[in-house]
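Here is a short briefing on helix packing and charged pairs. Please look over the sequence and the structure first.

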Amino acid sequence: IVGADAVKSIGSASIRAPPGSDKAIINASSVSPSSSSSAKMDGLQRLSAGIQNIERNAMLMDQQLRESRTAVAEKLRVRRLLDRLKTLLELPSTLKRLIGQKSYRLAAKSYTDAMKILQRHSDKFE
C-alpha cells in the first residue's frame, strides 16, 4: 500500500484499501458484464489465432528441416561405421601395445569388441 489511500485498477473495476486496513473494498459498479465478456472473447480469438499461427509456422519449419535432419542422421551413421572400421584397423597395434603393457584383460576386451563389430557389420565393410 502506497500513501494514505492506495487504489489499484483491474480492467474497469477498482480495488481500494482504506488507510490502516488489511481489507480491500472492491468497486465493480462500473464493470458491465457485456463489455467484459466481449473483451474476453476478443482475447480468446487473438489467442486462438496466435496458436494457429504458431502451429502453421512449426509445421513449415518441420518440413523445411526434415531433409537436413535426414542428412545429419545419415552422416552420424557413417561416422559411427568409420569409427568402428578405425577400431578394426588399429586392432593389431592396440593388441601389441596392451600385451606389451601386460594389460591382458584390456587386450582380450579389445579383441572381443572387434569380433562383435565384425559379426554385426562385416557385410557393410566390403
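Predicted model: local features only at pLDDT ≥ 70, side-chain atom pairs only at ≥ 80, totals over all residues.

Residues are numbered from 1 along each chain as its sequence is written, and side-chain values use heavy atoms, without hydrogens and water.

**Helix packing**

- Helix H2 (residues 91-100) packs on helix H3 (residues 104-121) at about 165°, with axes 8 Å apart.
- H2 and H3 are therefore roughly antiparallel (angles over 145 degrees).
- H2 contributes Leu91, Thr94, Leu95, Leu98 and Ile99 to the contact (heavy atoms within 4.5 Å).
- H3 contributes Tyr104, Leu106, Ala107, Ser110, Tyr111 and Ala114.
- By class, the contact has nine nonpolar, two polar and no charged residues.

**Salt bridges**

- The structure holds five salt bridges (a side-chain nitrogen of Lys or Arg within 4 Å of a carboxyl oxygen of Asp or Glu).
- Aspartate 62 and arginine 69 meet in one, at 2.8 Å from N to O.
- Asp62, Arg66 and Arg69 are linked in a salt-bridge network.
- Glutamate 74 pairs with arginine 77, with the closest N and O atoms 2.9 Å apart.
- Lysine 109 pairs with aspartate 113 at 3.1 Å between the closest N and O atoms; both lie in H3, four residues apart, about one turn of the helix.

- Aspartate 62 is partly exposed at 28% relative accessible area (buried is under 20%, exposed over 50%, partly exposed in between, with a 1.4 Å probe and protein chains only).
- Arginine 69 is partly exposed at 44%.
- Lysine 109 is partly exposed at 47%, and aspartate 113 is partly exposed at 28%.

Conventions:
Axes fitted to C-alpha atoms, helices over the stretch in contact; angles between N-to-C directions. Helix = DSSP H or I, 4+ residues; strand = E, 2+ residues; numbered from the N terminus. Parallel < 35°, antiparallel > 145°, perpendicular 65-115°, else oblique. Nonpolar A, V, L, I, M, F, W, Y, C, P; charged D, E, K, R; others polar.
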